[in-house]
Amino acid sequence: MKNKKGISLIVLVITIIVIIILAAAVILTLNKNNPMNNSKIATLSQNKDSIESGINLYLAQQIAESQGAKDNSAIINDTATGIAATNKATIATIDYFKIDNTKFKNATGITLPDSNNGTWCIQPGTAKVYLIYPNIGSVPNWIGKDTTSITNPTLSAFVLLGALSV
């Protein structure tokens, strides 16, 4: 038998493939365009849109039933039929009311999605939905943040920082 010196071609190819896979994993981890983070961001944005759609349908129904006697704020903050809780955050002189999970489900048939430790809130005048975190430390890293603010341009439009009062 001959004495083989060196490594076989198959071992070399397998080693190169393993190195490429490990390099890709490291690049994806360090890169800002991480597909896992992008999917979480897209899901969060879609959740916000679903909540707003449910609220808009509910508001349209309530305005029709009251024959226009009530506006968005009156419907949202109504203690009997509204979807807002009494908890609110005031950020830059604008009030955002916490969306009451039970009232929202009863009114729209939709369960509020997970908020990743934030609170789904509504601005009654515009019926826009926001996700409010008490401080920058409570914001998940995948959202995109620095030491003082949200840096992701998609989420900074509806992810805010502020404490809810009772």
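The structure is a predicted model. Its largest nonpolar core has 35 residues, and a search of the whole structure finds four salt bridges. One aromatic pair is counted.

**Nonpolar core**

- Leu44, Ile55 and Ile99 touch the most other members of the largest nonpolar core, which holds 35 residues.
- Helix H2 (35-65), helix H3 (72-77) and strand S1 (84-91) are among the elements that give two or more residues to this core.
- Strands S2, S3 (119-123), S4 and S5 (159-161) also give two or more residues each.
- The element that gives the most to this core is H2, with six residues.
- In soluble globular proteins, nonpolar side chains tend to be buried together.

**Aromatic pair**

- The one aromatic pair is formed by Tyr96 and Tyr130, with 4.9 Å from centre to centre.
- Their ring planes are 75° apart, and the pair is edge-to-face, because planes over 60 degrees apart are given that name.
- Tyr96 belongs to strand S2 (residues 94-99) and Tyr130 to strand S4 (residues 128-133), so the pair ties together parts that are 34 residues apart in sequence.
- Both Tyr96 and Tyr130 are buried.

**Salt bridges and a charge over a ring**

- Lys48 forms a salt bridge with Asp49, and their closest N and O atoms are 3.4 Å apart.
- Lys48 also meets Glu52 in a salt bridge, at 3.5 Å from N to O.
- Glu52 and Lys48 both lie in helix H2, where they are four residues apart, about one turn of the helix.
- Lys48 has a relative accessibility of 13%, so this residue counts as buried, the limit being under 20%.
- Glu52 is buried as well as Lys48, whereas Asp49, at 38% relative accessibility, is partly exposed.
- Lys48 also lies over the face of Phe158, at 5.2 Å from the ring centre.
- Another salt bridge joins the side chains of Asp95 and Lys88, at 3.3 Å from N to O.
- Asp95 is partly exposed, with 28% relative accessibility, and Lys88 is partly exposed with a value of 28%.
- Through salt bridges that share partners, Lys48, Asp49 and Glu52 are joined into one network.

**Nonpolar surface patch**

- Ile21 is located in helix H1 (residues 9-30).
- The relative accessible area of Ile21 is 53%, so Ile21 counts as exposed, the limit being over 50%.

**A loop residue**

- Asn116 is in the loop between helix H4 (101-108) and strand S3.
- At 22% relative accessibility, Asn116 counts as partly exposed, because values between the 20% and 50% limits are given that name.
- Asn116 and Ile27 are 89 residues apart along the chain, and their C-alpha atoms are separated by 26 Å.

Key: Residues numbered from 1 in each chain as written. Predicted model: local features only at pLDDT ≥ 70, side-chain atom pairs only at ≥ 80, totals over all residues. Heavy atoms only, no water. Phe/Tyr/Trp six-rings, centres within 6.5 Å; stacked < 30°, edge-to-face > 60°. Buried < 20%, exposed > 50% of the residue type's maximum accessible area, 1.4 Å probe, protein only. Lys NZ or Arg CZ within 6 Å of the ring centre and 35° of its normal. Core = buried A, V, L, I, M, F, W, Y, C linked by side-chain atoms within 4.5 Å.
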